[in-house]
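This briefing is for a reader who is new to the structure. Please look at the sequence and the model below, then go through the points by topic.

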Amino acid sequence: MRILYFCIILCFASSAFSQKNASISFEKWVSVKNVSAPIISPDGNTIVYTLTSTDWSSNGYDAEIWMSREGATPIQLTRTGKSSSTAAQFSPNGRYVSFLADRGDKNQLYVIDLNGGEALQITKEEEGIGAYKWSPDGAQIAFSKTEADSKREKAIKEKFGAFGIEGEEYKHAHLWVINFHPDSTKMSVSKRLTEGNFTVSGFDWNPDGKSIVFNRQRDPLINSGISADIVSINLSDKKIIPLVANPASDFFIRWNPEGTAFVYTSSVNDSITQFYKNNRLFVYDMATQKSREIATDIDENKNVVEWNSNGIYLIALEKTKQKLYVVDSKTGKTQPVSIPLDIVGTVSFSKQSDKIAVLGRNHDGLNEVYIGRMNAELKKLSNSTAQIANWNTPVNEVIQWKSKDNNTIEGVLLKPRNFDPKKKYPLLVVIHGGPTAIDFPDPAPGTVYPIMHWVEKGALVLRVNYRGSAGYGEKFRSLNVRNLGVGDMWDVVSGVEYLNSKGFIDTSRMGSMGWSQGGYISAFLTTNTNMFKAISVGAGISNWVTYYVSTDITPFTRQYLEATPWSNMEIYRKTSPMTNINKASTPTLIQHGEFDKRVPISNAYELYRGLQDRGVPSKLIVYKGFGHGINKPKERLAAIWHNWQWFNKYIFEEEEAMPVD
């Protein structure tokens, strides 16, 4: 009898937090665990990866490192209390795994022996440390850390309090090295390598162990990456030698095995289009001190993952798939590598064998960690997709249509499993940010929009890869230059019209939503159309002038609009949602982080005030303490509920209170 009573109470508690017409609670959806960052040992016998879970008690996410040896069932390797363990690396001999963790004294470096024992703390830096790299012989570890306040800076704060000067609020990061003595009980003292009025933004040891190459830029501010050059420092005398110094940004990526050349990415002399143009890859030869471009036959951004004896391996998008390629380091030409996954996330190569570790997924599953060999069957180590095995997930279909200017647009249409083409469904359009991002087919799409739940409720969801999206080449990404909002709106509206021509949407029950650039497009739809019954604007731009003068990435606006407000106010008016605020009539929910620097909250207040003055049903919700993203589970849960309630009210004509009992 007691067991029966307990089961009844448990079922009641579970259902109390579920939503109407949804079998999976938002809490369970937010609590899905994710795997990432697999690294394979030098001998290929051990793999470590990160598993991230939701910690509701601390209102955070806990990332810990898991390990599999010889393909066995993975076990948890690290446990870092209230913080996370991240940035795992193998020591060159494969005996140790290092990682970063804050265990009460800021982010420090730890090393754990794979043969057993507790993690050994390697650093104790007052400011904590950033990135790190093992020396090739494993005797030293280089790391970067941010400078502490000088005595003068401390004295100024003490006397004058807190104030900041725009463009000068930063601390440089510099390189340090520390010796690694695994058998010593004493912690080594770190030694400084670089100093000066510049910031180290990325680095690696030369395979000969005698020098370190690093990216040097004028300061750590986000817009200063355009100033980055590549230099090398000798460990013996700390002499810095310039290597690559183009007028625009240069960033080191990876050495060849011999240390005689390295691959890097560069904007060369382009500082006005890099936001939407393809990145360019070059190989620098240390002997000749000359560079040559490679992988020009891939019309997309390219992410290098390895350079070994077989060539340079990189990952690039191809529409709604992501593939692995190998580049011939001599000819610069690429060839696809067969990996039986729709989306190859990353690949880690063993240095002493032909084994690889892969992170990726097929369109109908979640990311998984695999082990195997190139051009051979992969063995799955993780089992993330099992979490959603019994969920009523939607069916994903990639569709195409023609936009107003005859450009082909793709999108992902999500349908119920019992979809009936003769029935008319409510339609919800979800627009990704970026704009250089992409939506893939996904069984349980994340963020703050309960897509899966709406489909189960009986709606269709269209995720639009509008012009400017990644995966479709540089020309496509450039289509919304000087046409932001306008062309994007064409792509959304034409997608809706395409679905309407198929006869299975109810055009009287449609909504649109998106975050960041997707929020901007949704705001543009709010003030330029009346086809939707409800809209949600998440962290969106409402006025490009307001955005331009307050964002932390002002070059973004100058590049896409090819003007400042002072040189061409008309293009700013043409592409700003506020220009046509007097035409707005659609009920609009506005969501924004209180301390958003990417899209400052003034954009939210401007749109809200305009809608309120027009008498348009509208609500502004400010998430306290957050920046551009809602990165804590409780506030994410709140944002999900806010969207659920808004669209339920206007699309499904239902009222549902947030559960608090």
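Tyr96 counts as buried because its relative accessibility is 7%, below the 20% cut-off. The model is a predicted one. In total, the structure has 31 aromatic pairs.

**Tyr96 and Phe180**
- Tyr96 forms an edge-to-face aromatic pair with Phe180, with 5.3 Å from centre to centre and 80 degrees between the planes.
- This pair links distant parts of the chain, 84 residues apart: Tyr96 is in strand β6 (residues 96-102), and Phe180 is in the loop between β11 (173-179) and β12 (191-192).
- Phe180 is buried too, at a relative accessible area of 8%.

**Other aromatic rings**
- Phe262 and Tyr264 make a tilted aromatic pair, in which the centres are 6.0 Å apart and the planes are at 55 degrees.
- Phe262 is buried, with 0% relative accessible area, and Tyr264 is buried at 2% relative accessibility.
- A cluster linked by ring pairs takes in Phe275, Tyr276, Tyr520, Phe524, Trp544, Tyr547, Phe556 and Tyr560.

**Lysines over ring faces**
- Lys145 lies over the face of Trp176, 4.1 Å from the ring centre.
- Lys457 lies over the face of Phe652, at 5.2 Å from the ring centre.

**Val493**
- Val493 is located in helix α6 (residues 486-502).
- Its relative accessibility is 18%, so Val493 counts as buried.
- When neighbours within four places in sequence are left aside, Val493 is in contact with Leu525 and Met531.
- Val493 and Leu525 are 32 residues apart along the chain, and their C-alpha atoms are separated by 9.1 Å.

Conventions. Residues numbered from 1 in each chain as written. Predicted model: local features only at pLDDT ≥ 70, side-chain atom pairs only at ≥ 80, totals over all residues. Heavy atoms only, no water. Helix = DSSP H or I, 4+ residues; strand = E, 2+ residues; numbered from the N terminus. Buried < 20%, exposed > 50% of the residue type's maximum accessible area, 1.4 Å probe, protein only. Contact = heavy atoms within 4.5 Å. Phe/Tyr/Trp six-rings, centres within 6.5 Å; stacked < 30°, edge-to-face > 60°. Lys NZ or Arg CZ within 6 Å of the ring centre and 35° of its normal.
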